[in-house]
Amino acid sequence: MSGPRKTEATFAAALAAHDLTPSEIVSDGRIRRFDGPDDKRGQRNAWYVLYGDGSVSAGAFGYWKTGLSEKWCARPQRTLSAAEHKLNRERIENAQSAAAAERAKIRERAATAARRIWENAHDADDTNPYLSHKSVKSYGVKETDDNRTLIVPLHNAAGVIVNLQFINGRGEKRFKGGCEVSGCSYQFGGEPQADGVLLIGEGYATCASVHAATGAPAVVAFNCNNLLSVARAWRARLPSAQIVLAADDDHMTAGNPGVTAARAATHAIGGALAIPRFGDGRPDNASDFNDLQAFAGPDAVAACIETAYLASAQDKADTPDGRAHHTGKVSAQAAVTAQPTNSDDDVSDANGSGKQADCGSGTDNESDDDAIARLAALGTMSYDRVRRVEAKRLGVQVGTLDRLVAAIRNNGGDFPFAEIDLWSEPVDGAALLSELAVVVRRFVVCDPVTAHAAALWIAMTWLIDDVNIAPLAAISSPEKRCGKSTLLGLFARLTCRPLAASNISPAALFRSIEAWRPTLVIDEADAFAKDNEELRGLLNAGHTRDTAYVVRVVGDDFRPKQFSVWGAKAIAGIGKLADTIVDRSICFELRRRLPHEKVDKLRHAEPGLFDMLASKLARWADDNGPTVRSARVDLPDSLNDRAADNWEPLFQIAHTAGGVWPELARRAALALSGDRGQEQSVSVELLADIHEIFETQKAVRIASADLLRALLDDEEKLWATWNHGKPLSLKQLAKRLGQFGIKSRNIRSGYAVAKGYDRADFSDTFARYLFLDDFAATPLQPSTSKAYSVAGAPLQGHGKNAPATLKPIPVKADSECSGVAAKNRGIGEEHDHAGDNNAEDAL
C-alpha cells in the first residue's frame, strides 16, 4: 500500500473505531462533513480534517451530536521532531477551531429557524394527543397546527431558545436538525428558589409527572446523556438548592443507562437520586416516573421523590459543615411521612388502588454493595459495556471492579487473583515489550523471535477487552526438560489474572471464565486434553470474540444458559498438540538447552520484578486500549487466513507500541507461522505423500492396493505404524481421502478391474492444500522388486476375473524405492527422503 493511501486508510480506521464512516477520505486540510451514525440523511453532524502533505500526516475528527472531538497523527508523538510537533499542533488546533466555527454558524442558522417555528406555533392544551396519552398537563409547551405535534423548547445557559423537540401522538421524538442539545434544558413549574428544591429528569412526561406530584419546579434534560451537563449548569446557577435527579430506571436495557447517568450527575453536583420503585407486579416496559404515576398514582411518585430528598437533606445536615441543611417537605401534596420507606410499605393512589411502590432511601438509593450486586447480575456482554463507566463512577480501578463482581458471581467465593496497582506514570510500550523479551530469554532458552512473540502475547492478555481474536499460546517440546513449564510459569506471573492448572474439566473451564475472566495457564495438556474432544472444543471456541459462547443447561429445571469462553489461554504439552488447537495458536516450540546455555531459575528472580512488569503492563493497557482497538495493521501475505487472524492482535499491539516492534512482530510471525513453517495436519501430510507417489510413478491412475503399498513402503513415514503400531488400512485410507471429497472408483488396466484413484480427482485438492512448487521429483529409478502400477501394466497377479479390491503386496524389508527429493516445509531447509544423499549435505 502506498504512503498516502495507507495514511488515509489508517485515518479511516481511527474514525471507524467511533462508528464514523465518511464516504471518502480526502487529505487536503479542509473540513469535510458527513452523516454520523445517528444522523438522518443530510444532517452531516460528523466531520474530519486531514493534512496529508509534509513529513507528518495529522488531522482531527468529531461528531457534533455527541460532543466527540479527537486528534490524530500518523506517527507516535515521541518520534516527532520539535518542528514537526509545532506543525502538527498548529494544524490540529486550526482544524478544531475551523470545525468549531463551522458548527457555530450552522447552529446559529438552525437556532434562528427554531425560534421562528416556536413563535408561529400555538399553545398546547391538555387535549394534545401526546399529553392526553401520558395523562400530564401542558406547562408552557406548544403544538403544530397540522397534526398537533407537541413542541418543547430547549434553552441554553443564557435562557435563549436554541432548539426544539417534536413529539407526535405515538411518542416518537426528534430534535430540530443542526441545533444544539448538550447542556440545554427546559424549566417549568415556577421560578426555582436559591435554597429550594429543583427536580431534573430526562423527558417532558417524566418531569410533568414529578412536578404534578410534588409542586416543585422541574427541568427537562431530554436524554440521559444530557443529565450531567444540565445538572452542572443548574448547580452553577443555584449553589444552595436541593437538586433531585429523577432517574429513568432502564432495567430492561444493558447497564441501565438511565440510572447510571442520573447517579453520575448526582455525585457530580452533590444532589439526591430518586429512582421509581414499582414493587410487585411491575409491568415489563415500566421505567420512568410517568409510568409509576400510571401504575400506582401520583402519591407513589411523591413518596419516592420526598424519600430521596429527606434522606439527602439529613445526610448533609450530619456533615461537619452542615451544608444544604433542609428540613421542610418537598410539598404539601406529598402524602407520606418524612421517613424512608421500603418495598413493603403501601402507598395508595388517589383512587385507592393499593398498589405498592418501593421508594428506596438515601442520596444515592444504591450502596456500593448494591452496585456490585447489580453489575454481577448483568450478562457477560452487558457487563463488558458498562464496566469502565461504573468503575470510574465508583472511584475504583476496572480490575478491582472485575474482582468484586466475580466474587459475587462465584457465590461469594474468593477471587483468586492479586490486585495490581497501575504504574504511577505513563509507560513506553516499546521499552516495556523489550523488557519482557529480555526477561523471557533470561529464564528460557529460545530464539529471539520466540521471545518477541511471547512478549506480545503477554501484553495481549492485558488488552483482552480491546481485541477481537484471542490466539492460544501453544507451548510444546519433543521431550521433557525443554523449558515449557518455565515459559508457562512466566505467563502465570506476567499475564492478566492468571489462573494456573495442570488439569481442568470442560465445566470448570467455562465456569471459571464466566466467573473470573482469567488468563488460563494450563500445563500437561498432552496428558489430559489429548482424547478430550469437549475440552478441545471449548478451547477452540474461545478464539473469536463474536462466537466465544457455549450453551449449557443449569438448575433442576434444566434451563439453558449461555456461558462465555472468551479469553486468553496458554497450554503446554510434550509432543504435537491437536491440529485444531495448533491452528488457533501462536506456537512456541522449545528445545532442551545445551550445556553451555545458561538460564536463571524463576525462583531466583529478584523480589518485585514480576509485580513491577505487571504494573507497567496494566498501566500501558489502561492508557492505550482504545488505540489498540482502533489500530488497523498490514499483515504479511505469506500468513494463511487463520495465522493472520492469530497474529492480528499482536500486530495491533506492536503497531501501537511503535519503535522497532512492528518489524519484530513481522519477523516473529513469518518465522513461527509462515505457511512454509507450518507443520502439516495428518490429512494434508497424506495428500503430500500421495502426490509424491503419483509424481514418482508418473501415474495417471493407481489401484487402491498399490497406493497403500507405496505409502507403507517408506518406514520413516507414519503410515506403517499408523493404527496403534499397525499399518494404515484401505478403509482408513478411503475415509481420510473422503474428507476431501475424493472417492475410489473402478479402474481398468487391460482385463483387470480394481478399486483405485484417478490423478484428475486429486487436482483440485492438491492445488488447495499443497504448495506444489515445494515438490521436486527425481527421475524414477529402476527396481526389480517393485510392483507394476496400474498406469503402466496389467494389475499384478490378477487375471480376467480379478476382484474389485486388491490386497496390498507384502512390503519387502530390502525393497528398492525410487528417490524423491522434496523440499521440507521448513524455511531454507531441504530433505532427501530416499536417503541417497547425506542429511548434512541437504541442509
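In this predicted model, the side chains of R745 and D761 meet in a salt bridge with an N to O distance of 2.8 Å, where a salt bridge is a side-chain nitrogen of Lys or Arg within 4 Å of a carboxyl oxygen of Asp or Glu. R745 lies in strand β23 (residues 745-749) and D761 in the loop between β24 (752-758) and α25 (763-769), so the pair ties together parts that are 16 residues apart in sequence; helices (H or I, at least four residues) and strands (E, at least two) are DSSP runs, numbered from the N terminus. Residues are numbered from 1 along each chain as its sequence is written, and side-chain values use heavy atoms, with hydrogens and water left out. Because the model is predicted, local features need pLDDT of at least 70 and side-chain atom pairs count only at pLDDT 80 or more, whereas totals for chains, interfaces and linings use all residues.

**Salt bridges**

- R745 counts as partly exposed at 38% relative accessibility, and D761 likewise counts as partly exposed, at 27%; buried means under 20% relative accessible area, exposed over 50%, and partly exposed in between (1.4 Å probe, protein chains only).
- The structure holds 25 salt bridges, and one of the arrangements they form is a network that links D125, E143 and R148.
- K717 forms a salt bridge with E692, the closest N and O atoms being 3.3 Å apart; this pair links distant parts of the chain, with K717 in the loop between α23 (704-713) and α24 (730-738) and E692 in helix α22 (residues 682-697), 25 residues apart.
- Both K717 and E692 are buried.

**Helix α15 and the residue that follows**

- Helix α15 (residues 506-516) is mostly covered, since eight of its eleven residues are buried, namely P506, L509, F510, S512, I513, E514, A515 and W516.
- After α15 comes R517, which has a positive phi, near 55°.
- The side chain of R517 meets that of D465 in a salt bridge (2.5 Å, N to O); R517 lies in the loop between α15 and β17 and D465 in the loop between α13 (448-461) and β15 (472-477), so the pair ties together parts that are 52 residues apart in sequence.
- R517 counts as buried at 14% relative accessibility, whereas D465, at 22%, counts as partly exposed.

**Strands β16 and β17**

- Strand β16 (residues 498-501) runs parallel to β17 and is joined to it by four bridges, two strands being paired if DSSP finds at least two bridges between them.
- Among the residues involved, A500 has V521 in β17 as its bridge partner.
- From strand β17 (residues 519-522), T519 and V521 point one way and L520 and I522 the other way, and all are buried.
- In a regular strand the side chains alternate between the two faces of the sheet.

- R593, K598, K601 and R603 form a positive surface patch, in which Lys and Arg count as positive and Asp and Glu as negative, while His and the chain ends are not counted.
- Patches are made of residues with over 30% relative accessible area and no salt bridge, like charges being joined within 9 Å and nonpolar side chains (Val, Leu, Ile, Met, Phe, Trp, Tyr) within 5 Å.
- K601 is placed in the loop between β21 (585-589) and α19 (609-630), and K601 is partly exposed, with a relative accessible area of 45%.
- R736 is found in helix α24 and is partly exposed, with a relative accessible area of 23%.
- The C-alpha atoms of R736 and L687 are separated by 9.4 Å, although these residues are 49 residues apart along the chain.

Notes:
Accessible areas come from the Shrake-Rupley method with a 1.4 Å probe; for residues, only the protein chains shown count as cover. The place of a charge is taken as NZ of Lys, CZ of Arg, CG of Asp or CD of Glu.
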